Amino acid sequence: MSGYDIQRLARLIGMLPPAPQGWVEAAQELPRARREVGQIVARAEADAEFRRALMADLEAALDAEGVEPTRALLDQLRRHLPR
Amino acid sequence: MEAARDDGETAPRRAADLTAELSDAELVARCRDGDEAAWRELVDRFSRYVYAIAVQAFRLPLHDAEDVFQDVFARVYERLDSLRDDDALRPWIAQLTRRLCIDRLRAGTREQPSEEELPDRPGDDVLGELDDAFDVHVALAGLPNNCRDILDRFFAQDESYRTIGDALSLPAGTIASRISRCLDKLRTAFEGENPGPEGRNPGPGPSGEQVTR
């Protein structure tokens, strides 16, 4: 950046508005979501009935277990659940 | 001139700011050790940058930008161990974001074949401007809380004087002069961290000049 005039500084501040709060929080929750995914996948591998419930209706099965079916969690589970 | 100049010079740092003071390399090291507060700070530090590359530089629609945003941080989380130079976190994230944006644009043109070509990739000038903007925000983060807050609310969040005044319990009539003073502080801080090619370059504009968004 060759000049430090006030107008340019002001414009550059404006070039980085905040990302939507929900996006940021979802990304920040990644470690916790990964832990939950690991636990759910491990249980699904060991428990055929739980696995069937997950495959039939993922959101309902998570709800029944008291786990909030966030979009990030659902995406991760769909990728990692045994078929 | 206002009777009280409360730009927050003596405002104490919040606890959450402790991780904000870490360098990128220190942050990466803590994330690798499983420090979830450090991970939250990493996301916070780069969220605007990733968002701006997707939405401003590549002009992705919001739903695509959200997918790219989440994908970027998921990959950063998974591949942090593969980063060779911990100080190169920002260029790594920028490259990852650019690549995922291009993949998204290509996928879109495959799904909806049309006579339109893949939209032009943003020029280096746009991406360079976003890098400059990131540097300015780094300098902004080093300012006292009140200055950081007022400049960010006015210029980045597009809030009115009235909204800022209400949020910060300040008379709306003092907002403009506070913004001018804080911009001066920012310029001083930024010049200190980013000396120009010929050393310090104060640029035009006296203190307190009228500034527009």
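Predicted model: local features only at pLDDT ≥ 70, side-chain atom pairs only at ≥ 80, totals over all residues.
Chain A is helical. Its secondary structure consists of 6 helices and 0 strands. From the N terminus on, the order of elements is α-α-α-α-α-α. The radius of gyration of chain A is 20 Å, whereas the globule rule gives 12 Å for 83 residues, so chain A is more spread out than a compact globule. The box filled by its C-alpha atoms, taken along the principal axes, is roughly 65 × 20 × 15 Å. Of the 83 residues of chain A, 30% are buried. Of its contacts with a separation of 6 or more, 62% involve residues 24 or more positions apart.

Chain B is also built from helices. It has 9 helices and 0 strands. Along the sequence, its pattern reads α-α-α-α-α-α-α-α-α. Chain B has 213 residues, and buried residues make up 29% of them. Among its contacts between residues at least 6 apart in sequence, 64% join residues at least 24 apart.

The two chains touch each other. Chain B gives 46 residues to the contact, and chain A gives 25 residues. On the side of chain B that touches chain A, two or more residues come from each of helix 3 (36-57), helix 4 (62-79), helix 6 (124-141), helix 7 and helix 9 (175-193). Helix 3 of chain B gives the most to this side, with 11 residues. By class, the side of chain B that touches chain A holds 24 nonpolar, 10 polar and 12 charged residues.

Helix 1 of chain A takes part in two helix pairings with chain B. The axes of helix 1 (residues 6-14) of chain A and helix 7 (residues 145-156) of chain B come within 8 Å, and they cross at roughly 80°. Because angles of 65 to 115 degrees count as roughly perpendicular, helix 1 of chain A is roughly perpendicular to helix 7 of chain B. From helix 1 of chain A, the residues in this contact are A:A10, A:I13 and A:G14; they meet B:L151, B:D152, B:F155 and B:A156 in helix 7 of chain B. The contact of these two helices has 5 nonpolar, 1 polar and 1 charged residues.

The other pairing involves helix 9 of chain B. Helix 1 of chain A and helix 9 of chain B pack at about 90°, and their axes are 10 Å apart. These two helices are also roughly perpendicular. Here A:I6, A:L9 and A:A10 in helix 1 of chain A meet B:L183, B:L186, B:R187 and B:F190 in helix 9 of chain B. The residues of this contact divide into 6 nonpolar, no polar and 1 charged.

The largest nonpolar core has 69 residues. Within this core, B:A54, B:F69 and B:L151 have the most contacts. Helix 3 of chain B supplies the largest share of the core, 11 residues. B:L151 has contacts in both chains. Apart from residues up to four places away in sequence, B:L151 touches A:I13, B:L140, B:I179, B:C182, B:L183 and B:L186.

B:L143 lies in the loop between helix 6 and helix 7 of chain B. B:L143 is buried because 22 other C-beta atoms lie within 10 Å. Beyond its neighbours within four places in sequence, B:L143 is in contact with B:R148, B:C182, B:K185, B:L186 and B:A189. The C-alpha atoms of B:L143 and B:N194 are separated by 15 Å, and the two residues are 51 residues apart along the chain.

The other two loop residues have a positive phi. Most residues other than glycine have a negative phi. In B:R59, a residue other than glycine, phi is near 55°, a positive value. B:R59 sits in the loop between helix 3 and helix 4 of chain B. With 14 other C-beta atoms within 10 Å, B:R59 is partly exposed. In B:D158, phi is near 60°, again positive in a residue other than glycine. The loop between helix 7 and helix 8 (161-168) of chain B holds B:D158. B:D158 counts as exposed because it has 11 C-beta neighbours inside 10 Å.

Definitions and conventions:
Residues numbered from 1 in each chain as written. Chains lettered and ligands numbered in written order. Axes fitted to C-alpha atoms, helices over the stretch in contact; angles between N-to-C directions. Helix = DSSP H or I, 4+ residues; strand = E, 2+ residues; numbered from the N terminus. Parallel < 35°, antiparallel > 145°, perpendicular 65-115°, else oblique. Contact = placed C-beta atoms within 7 Å. Nonpolar A, V, L, I, M, F, W, Y, C, P; charged D, E, K, R; others polar. Buried ≥ 20, exposed ≤ 12 C-beta atoms within 10 Å, placed from the backbone. Rg over C-alpha atoms; globule rule 2.2 N^0.38 Å. Core = buried A, V, L, I, M, F, W, Y, C linked by C-beta atoms within 7 Å.
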